[in-house]
Amino acid sequence: MRTTAVVIGAGQAGLAMSWSLAQRSIDHVVLERGEVANTWRSERWDSLTLLTPNWQSRLPGYGYEGDDPDGFRTMAETVEFIERYAARLSPPLRRHCPVTSVRRDGDGYRVVAEQGTWHCQAVVIATGAFNVAQVPKLSAEIPSGIAQLTTARYRNPQSLEPGGVMVVGAGASGAQIADEIHRSGRPVTLAVGEHVRAPRTYRGRDVQWWMDATGLNDERYDQVENLRRARALSSFQLAGYADRRNIDLNALTSIGVALVGRLAAVRDGKAQFSGSLRNLCELADLKQNRLLNTFDEWAAASDLSAAVDPAHRPEATRVEASPPLGLDFGRAGIRTIVWATGFRPDYSWLEVPVLDPKGHIRHDGGVVTDAPGLYVMGLPFLRRRKSSLIDGVGDDARDLSAHLASHLAASSAGR
Amino acid sequence: MATTPADKPVNNGVNVEALFGAQAALAQTPEAARFKWRSTVEWINGTHSRSTIEGFYGLGAEQKHKKPFTFEADHPEIFAAQDAAATPVEIVLAGLASCLTAGVAAVAQARKVQLRSVSATLEAGMDIRGILGVDEDVRNGFDGIKVTYKIDADASPADIKAIVAQSQKRSAVYDIITNPTNVTVEVA
């Protein structure tokens with residue numbers, strides 16, 4: 001089959017790109033391995049909600065239409081929201097059509113998928129950044145009687161054995177899971193590596209209201225000081241609960257979660273933790289305060305200081321004087337380990353040599369410069385800080401579809 | 001971030017351009033980034049010994065310091081020794097202090113913060129019943145290390161704290177001390 005562009009993945013990014021391509025009358029097909037919003041549908045735990053408020057899911061030609069703009073969607077509601085978007089666009093979509101190979105084909109590409117082979121001028125990879133749960137190598141050293149699962153397989157506390165649980169990783173996922181498991185009566189030990197602390201609400205407004213209003217979410221990839229670092233940062237340590245409570249480390253220790261340093265090694269059935277916990281907490285506190293300073297400065301410069309609540313600074317993270325450096329799994333009664341150690345994308349089907357040694361696509365704001373006509377979307381800080389948010393894919397799709405259109409024009413002129 | 005006026009160039013004696021250049025170059029050639037650090041030691045007498053450091057390996061080749069450096073170590077008289085030099089654990093503290101302080105200078109330079117003075121005191125607790133074998137439950141090493149910096153610089157207290165925190169994050173000796181390391185000791 002021939003088409004001009006193939007979009008791989010029908011999540012928010014692929015659908016927004018389909019909308020942008022349709023606006024430009026660029027012939028295309030969207031190939032989806034399962035159902036629309038597949039990852040949201042199948043690889044998330046029961047209580048998860050979006051970390052961004054309802055109003056902030058603005059897709060091209062579509063937005064929130066309900067009566068709770070400040071609430072947070074459940075996964076079922078998120079899937080339904082994206083399904084409705086797909087229904088409205090009615091994109092040229094092939095469901096249950098996993099792609100098995102993408103390779104160069106003349107000056108275009110050949111895409112092999114379950115329902116056929118497409119020859120095209122451009123390919124947009126919108127398969128997301130969260131395909132494969134990452135588990136550190138040292139997981140192989142964990143004693144065999146202890147159950148191990150990743151955030152992709154974790155569903156709810158009730159499905160875990162009774163007894164202690166070690167959650168490894170204190171990003172949004174690790175902190176939320178630690179919170180609910182501990183509340184279920186299974187005592188949690190949380191191994192804390194680098195994390196990004198943020199308050200759910202600041203001066204009476206949601207943190208995402210501030211990120212949006214101050215323009216921080218729109219900050220571009222070519223303006224940020226250290227892009228590599230910005231792309232590697234974990235998500236804000238936040239939850240989208242109805243009571244808007246924080247799930248930072250102070251909130252977790254106040255319900256009894258025990259904090260330990262980064263899980264550094266497992267030896268003779270014992271965990272060893274890094275002695276760097278205090279510094280990692282200090283780094284996160286300082287970073288949070290810099291963020292809040294930015295909000296305050298913006299509010300003052302915008303004459304909004306009186307319109308929002310007074311400024312304050314959250315209490316510094318409480319770390320005990322000598323956090324434990326080791327733990328005997330058996331003696332501590334740990335029955336389960338939950339790895340909340342991040343995800344990586346899966347490009348095993350991509351036969352175009354554009355991956356860096358760490359398996360990430362080399363790209364310039366989503367334009368894969370080593371492979372003209374190849375684009376990627378939906379990755380952290382792809383073009384803007386908001387690129388990995390539902391709210392961010394619209395602007396990226398607009399920019400990248402413009403680039404794609406000029407690529408098509410240039411290659412047809414060159415023929 | 002910096003509060004230094006733009007007309008006064010910041011100079012902490014660190015060539016950050018060269019460091020950023022190395023960062024970019026080594027991202028492309030990870031094998032050149034593999035270094036080996038070396039030291040030799042000779043026993044003198046009692047607890048007194050002398051270490052010599054001269055060669056190391058890096059950037060794909062054998063490298064040499066400008067000259068050999070020697071470090072003696074001994075134990076104080078209350079350990080029934082001659083006190084000819086500092087104790088090895090004190091030298092560990094010196095290594096940590098030097099590493100963190102070099103980091104402070106480099107991070108400050110990268111953040112365009114002029115340093116005027118930097119000093120620190122280090123203190124490490126130790127229960128010597130561990131090394132004496134009096135109580136098997138007491139570890140040999142430090143039970144904690146406290147580092148206290150005094151820094152005079154053209155920056156706010158929060159920015160100075162951030163420089164010190166970043167220095168810890170990038171410090172080799174801090175990492176060596178805070179994380180486990182496999183040690184293999186053989187007799188040739």
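## Domains of chain B

Domain bounds, as the term is used here, come from an automatic or database domain assignment. In this predicted model, that assignment divides chain B into domain 1, covering residues 33–86, and domain 2, covering residues 87–179. The C-alpha centres of domain 1 and domain 2 of chain B are separated by 20 Å, and where the two domains touch, five residues of domain 1 are in contact with four residues of domain 2. On the side contributed by domain 1 of chain B, four of the residues are nonpolar and one is polar, while no charged residue takes part.

## Overall make-up of chain B

Chain B contains four helices and six strands, and these elements follow one another from the N terminus in the order α-β-β-β-β-α-β-β-α-α. Taken along its principal axes, the C-alpha trace of chain B spans about 60 × 40 × 30 Å.

## Strand pairing in chain B

Strand S3 of chain B, residues 48–58, takes part in several pairings that can be followed one after another. With strand S1 of chain B, residues 36–37, strand S3(B) pairs in the antiparallel sense over two bridges, and within S3(B) it is B:Phe56 that stands opposite B:Trp37. With strand S2 of chain B, residues 40–45, strand S3(B) again pairs in the antiparallel sense, here over five bridges, and B:Asn45 stands opposite B:His48 of S3(B). Two residues lie between the strands in the hairpin of S2(B) and S3(B), where B:Gly46 takes a positive phi near 60 degrees.

Strand S3(B) is also joined by nine bridges to strand S4 of chain B, residues 61–73, and these two strands run antiparallel. One pair of bridge partners here consists of B:Ile53 and, in S4(B), B:Phe69. The hairpin of S3(B) and S4(B) likewise has two residues between its strands, and in this hairpin B:Leu59 takes a positive phi near 55 degrees.

## Packing of helices H2 and H3 in chain B

Two packed helices are described by the angle between their axes and the distance between the axes. For helix H2 of chain B, residues 88–110, and H3(B), the axes come within 8 Å and cross at roughly 120 degrees. The crossing of H2(B) and H3(B) is right-handed.

On the H2(B) side, the residues that meet H3(B) are B:Leu100, B:Gly103, B:Val104, B:Val107 and B:Ala108, and on the H3(B) side their counterparts are B:Ile163, B:Val164, B:Gln166, B:Ser167 and B:Gln168. Sorted by class, the residues of this contact between H2(B) and H3(B) comprise six nonpolar and four polar ones, with no charged residue.

## Contact between chains A and B

Between the two chains, twelve residues of chain B are in contact with 13 residues of chain A. On the side of chain B that touches chain A, the elements giving two or more residues are helix H3, residues 157–169, and helix H4, residues 172–178. The largest share of that side comes from H3(B), which gives six residues. By class, the side of chain B that touches chain A has six nonpolar, four polar and two charged residues.

## Two open sheets of chain A

In chain A, one open sheet of three strands has the order S4-S5-S6, with antiparallel pairing. The edge strands of this sheet are S4, residues 99–105, and S6, residues 116–120, each of which pairs on one side only, and neighbouring strands are turned by 15 degrees against each other on average, direction ignored. Strand S5 of chain A, residues 108–113, is joined to S6(A) by five bridges, with the two strands running antiparallel, and A:Arg110 stands opposite A:His119 in S6(A).

Another open sheet of chain A is formed by three strands in the order S17-S18-S19, and its pairing is antiparallel. Three bridges join strand S18 of chain A, residues 270–273, to S19(A) in an antiparallel run, and in S19(A) the bridge partner of A:Ala271 is A:Leu327.

Conventions: Residues are numbered from 1 along each chain as its sequence is written. Chains are lettered from A and ligands numbered from 1 in the order in which they are written. This is a predicted model: local features need pLDDT of at least 70, side-chain atom pairs count only at pLDDT 80 or more; totals for chains, interfaces and linings use all residues. Two strands pair if DSSP finds at least two bridges between them. Axes are lines fitted to C-alpha atoms, for helices over the stretch in contact, and angles run from 0 to 180 degrees between N-to-C directions. Two residues are in contact if their C-beta atoms, placed from the backbone, lie within 7 Å. Ala, Val, Leu, Ile, Met, Phe, Trp, Tyr, Cys and Pro count as nonpolar, Asp, Glu, Lys and Arg as charged, and the others, Gly among them, as polar. A crossing is left-handed if the near helix is turned anticlockwise from the far one by less than a right angle, and right-handed if clockwise.
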